Amino acid sequence: MLRLLWHHAVRQWARSAALLTGMLVAVSSFVVLTATTESSKLTVTGTIAKSRGPYDILVRPGKAVQELERSAGLIRPNSLTDIYGGITFDQVGAVRRTPGVEVAAPFAALGHESDTSVTLIDLAKLVPRGTRATFELDRVWKYDGGLSTVRQERRAVFITPHRLEARRGPTVTRPSAGGADFESAQTNRYFEVLPSGRRREVCKGGVRVEEHTTQLVNVVTCLSWAGVTDLEPLSGDGKFGPQTLVYTGFPTTRLVAGVDPEAESRLFGLDTAVTEGDYLSPKAPTPVTSRPADDPASAVQVLRSDRAARDLELSVTLTRRGEDRPVTRKRFEAGSLKPRQRVGKVDELGGLLFRPTSPVAYDRTDGGTLRPRTVERPEHDETVLPLDGQDTWFRRLMPLGQNRPWGSPLPKVVGTFDPQQLPEYDAASRLPLGTYGEPALSGADTRSRALLDGRALRPASSPTAYVQQPPSALISMESVRWLADHNHLSYRQNIAPVSAIRVRVAGVTGADEVSRERVRVAAEEIRERTGLHVDIVLGSSPVAQQVVLPAGENGRPELRLTEWWSKKNVATQIIKASDTKSLVLLTLVLVVCTLFVANAAAASVRTRRAELGLLTAVGWRPRHLFTVVLGELLLLGAVAGVLGTGTAWAAGRALDIDVPPGRALLAVPVALAVAVVSGAVPAWSAARARPVSALRSAATTGRRTRMFAGVTGMALAGAVRARGRSLLGAAAVATAAAATLLLVAATATFRGTLAGSVLGETISVQVRTTDLAAVATMVLLSTVAVGDVMYLGVQDRAAEFALLRAVGWDERVTTRLVLLEGALIGFVGSLTGTLLGTVAALWLAPTGGGTELVVPALSVIAAGTALSALASLVPVLLRRRRSTARLLAEEGV
């Protein structure tokens with residue numbers, strides 16, 4: 001029987017070569033391309049809460065992930081403010097270009113800016129005009145909910161009804177704020193001008209360094225109802241009017257951050273929270289024209305919060321010396337002070353100088369309670385800290401950036417905003433890893449709640465305290481770029497100034513499986529493009545975390561607190577995995593190949609009807625006929641498998657694809673499987689052959705078909721008459737068309753990614769090079785399949801075409817007849833495949849509209865029809881090589 005199989009394969013060498021080539025291309029492509037489907041993949045485990053915040057993915061530098069997050073999935077509130085740089089602008093652009101990303105909002109924590117306001121007490125409103133007296137000024141600072149207290153050294157205030165004259169006093173030196181060198185300061189001497197014209201020196205005592213600060217202050221503050229004359233003015237005539245105001249400095253800090261105004265508006269609605277002035281502009285800093293040429297500066301637009309999230313209070317008591325009853329008592333809170341910077345004005349007195357801090361480190365007990373670690377406070381530091389900055393430190397101050405001497409950045413407050421108008425303040429959608437929310441810690445036990453008097457422990461004013469304040473001054477990303485380009489940030493920030501990117505994914509409606517898959521696909525692609533740490537925060541939930549805060553240095557006892565942390569209910573892991581969708585496409589390549597081989601096998605059975613009938617007549621059983629037909633295909637499959645093994649290995653070496661020998665040998669069983677599946681039905685048909693019907697002329701066995709007029713009608717009749725072959729060809733075209741439309745939709749219409757649910761299973765389509773190669777192979781094989789269908793049709797109808805030509809039909813008419821029949825098969829297949837592909841694309845699309853698919857669908861139909869017509873040209877050209885007389889003689893006409 002093997003000799004019979006080989007003899008038949010050799011006798012029909014052209015068809016055997018065509019089948020061998022088709023299987024060889026299919027199996028070798030399958031083996032090589034499956035080797036490229038294995039890649040890094042982001043897997044997601046865990047449950048998802050039923051809420052959705054403003055963003056779904058958080059992108060951070062790898063070093064930003066703290067130990068508690070790795071071990072327990074816990075992230076403390078406002079953790080973004082502890083990340084200072086690590087992401088470049090190029091990486092931000094890569095995230096924004098990622099398919100499926102709707103909004104990518106970068107966030108750059110720049111550092112803390114010192115902001116010294118002042119408190120005022122007007123003696124003119126407290127004592128009779130003309131009073132000459134000395135007063136004692138007492139100042140008491142409270143923070144930590146009133147549990148920490150700092151009393152500053154008492155200051156004296158002298159006021160006289162006579163005019164004062166100020167003269168230059170001695171120059172004094174003191175250690176600088178950093179303690180490394182010395183600074184010089186000019187002092188003043190004050191003389192009271194009596195009515196007699198005599199001058200008497202007052203306010204003696206000189207200057208001293210203010211405790212808890214680095215500022216030089218007068219031991220006695222000099223005031224006058226009649227005014228002050230500066231005898232050595234730096235400008236003007238040096239004459240000043242009545243001086244009755246007692247000033248007290250109120251140093252605070254605010255966290256400055258850079259944002260993209262447009263993205264922040266889309267993500268949080270920040271533009272709707274503006275309470276005064278204008279919203280932040282994306283423009284870069286502009287030169288300040290009022291500055292001299294040798295001292296240039298640029299104005300940086302700032303959007304300032306009108307709510308100070310700082311727990312710091314100053315109580316001032318003014319008492320007349322020698323008396324017990326105070327003249328006045330006043331209390332000032334950090335949030336009640338009028339900012340020094342006015343909206344719409346450039347602050348030429350203070351430049352932007354940012355001080356980053358380190359994150360807090362924790363010790364965790366067996367019960368899960370956290371205890372923040374304290375850090376050593378340096379003896380000297382160049383930053384003027386608020387009074388609570390002299391307490392226990394939980395964060396280190398990082399080194400300052402090396403500012404250039406030219407082009408100093410000056411703040412220009414363009415507007416203010418109210419953080420409480422932003423969505424994350426809605427308790428029902430508490431934002432994991434929030435940006436603008438003010439953290440508040442409550443007592444976790446009866447003792448702590450009693451100490452706090454039932455109130456929350458709010459952020460302090462110092463950047464070194466435990467509870468961190470949210471950003472309260474925002475600048476644009478273009479301003480951040482300008483600051484980095486001019487070395488106004490720390491070294492790391494100058495290179496990569498962005499701290500994190502908050503990403504909202506298109507088509508996400510909640511925590512359903514389809515939304516979750518879309519987020520996963522986008523997160524995987526972002527990680528692949530940037531190499532950054534990617535977290536899915538969709539469904540993260542707040543958890544109550546107990547924190548034991550060590551006792552402070554200024555009266556606060558140890559507190560056991562409840563702090564709302566974020567719990568990552570979704571765990572992400574990067575693994576090596578195969579892309580299921582790519583494997584499906586490669587399997588469809590084998591399906592198209594199977595349709596092609598099945599059509600050829602059916603044609604072989606049809607042309608051998610007489611031979612099969614004769615074998616049946618001489619005693620061959622059906623199983624023998626089944627074995628003969630299937631054996632021929634298995635023989636070709638085995639040869640194709642062996643050749644495919646070598647071809648796959650060589651192609652892998654040439655294309656730098658890892659195709660190990662074990663994977664290359666996969667070509668043999670795949671080729672045999674294709675041969676079995678494609679040959680089963682034709683072999684079964686051959687086994688049912690009857691001697692009488694098999695020996696009857698093929699021309700008399702066909703069904704009667706309806707007559708059609710014209711070339712188009714005859715083409716339709718030909719396709720209907722050989723409906724089995726036509727359906728096989730159309731099925732091959734439909735498979736290729738559906739896969740093509742799905743990839744075109746994902747690439748051009750839906751930015752490279754589709755995700756959805758089919759029959760309860762969540763799937764995604766993400767275009768890769770492997771997918772494009774698989775679809776190209778499918779298109780090639782389907783085109784060859786249509787050409788083979790038309791070749792067999794032309795061969796079966798050779799006499800018909802010869803008769804038409806003999807009676808005077810033009811060659812162009814018969815050519816058009818064949819092309820129309822091929823185009824008809826291609827049109828039916830393309831239309832069917834396009835409909836299936838459209839349904840799949842709309843099912844998986846992130847938006848419900850389908851108008852975007854009209855042009856791609858029409859293009860696929862047109863291409864499928866045109867390629868099928870083009871494939872029909874080959875049989876036409878082969879037919880022309882045979883004369884009419886020979887064709888009629890072969891058919892006995």
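**Close-up views of a predicted model**

**View 1. Helix H4 and what sits around it.** Residues are numbered from 1 along each chain as its sequence is written, and side-chain values use heavy atoms, with hydrogens and water left out. H4 spans residues 89-96, and six of its eight residues are buried, so the rest of the structure largely encloses it. Helices (H or I, at least four residues) and strands (E, at least two) are DSSP runs, numbered from the N terminus.

**View 2. The largest nonpolar core.** This core holds 37 residues, and the ones with the most contacts inside it are Ile57, Leu110, Ile475, Ile501, Val503 and Ile526. H7 gives the most to this core, with five residues. A nonpolar core here is a set of buried Ala, Val, Leu, Ile, Met, Phe, Trp, Tyr and Cys residues joined through side-chain atoms within 4.5 Å. Zoom in on valine 503: setting aside neighbours within four places in sequence, its contacts (heavy atoms within 4.5 Å) include Tyr55, Ile57, Val95, Val103 and Ile526. Another core, of 35 residues, lies apart from the one above, and Val597, Ala739, Val775 and Ala785 are among its members.

**View 3. The one disulfide.** The structure holds one disulfide, a term that means a pair of cysteine sulfur atoms within 2.5 Å. Cysteine 203 and cysteine 222 form it, with their sulfur atoms 1.5 Å apart. Cysteine 203 lies in the loop between strand E9 (199-202) and strand E10 (207-209), while cysteine 222 is in strand E12 (residues 220-224), so the pair ties together parts that are 19 residues apart in sequence. The torsion about their S-S bond is about 110°, so the disulfide is right-handed. Both cysteine 203 and cysteine 222 are buried.

**View 4. Alanine 840 in helix H20.** Alanine 840 has its place in H20 (residues 811-844). With a relative accessible area of 26%, alanine 840 is partly exposed. Between alanine 840 and alanine 738, the C-alpha to C-alpha distance is 8.8 Å, although they are 102 residues apart in sequence.

How values were computed:
Predicted model: local features only at pLDDT ≥ 70, side-chain atom pairs only at ≥ 80, totals over all residues. Buried < 20%, exposed > 50% of the residue type's maximum accessible area, 1.4 Å probe, protein only.
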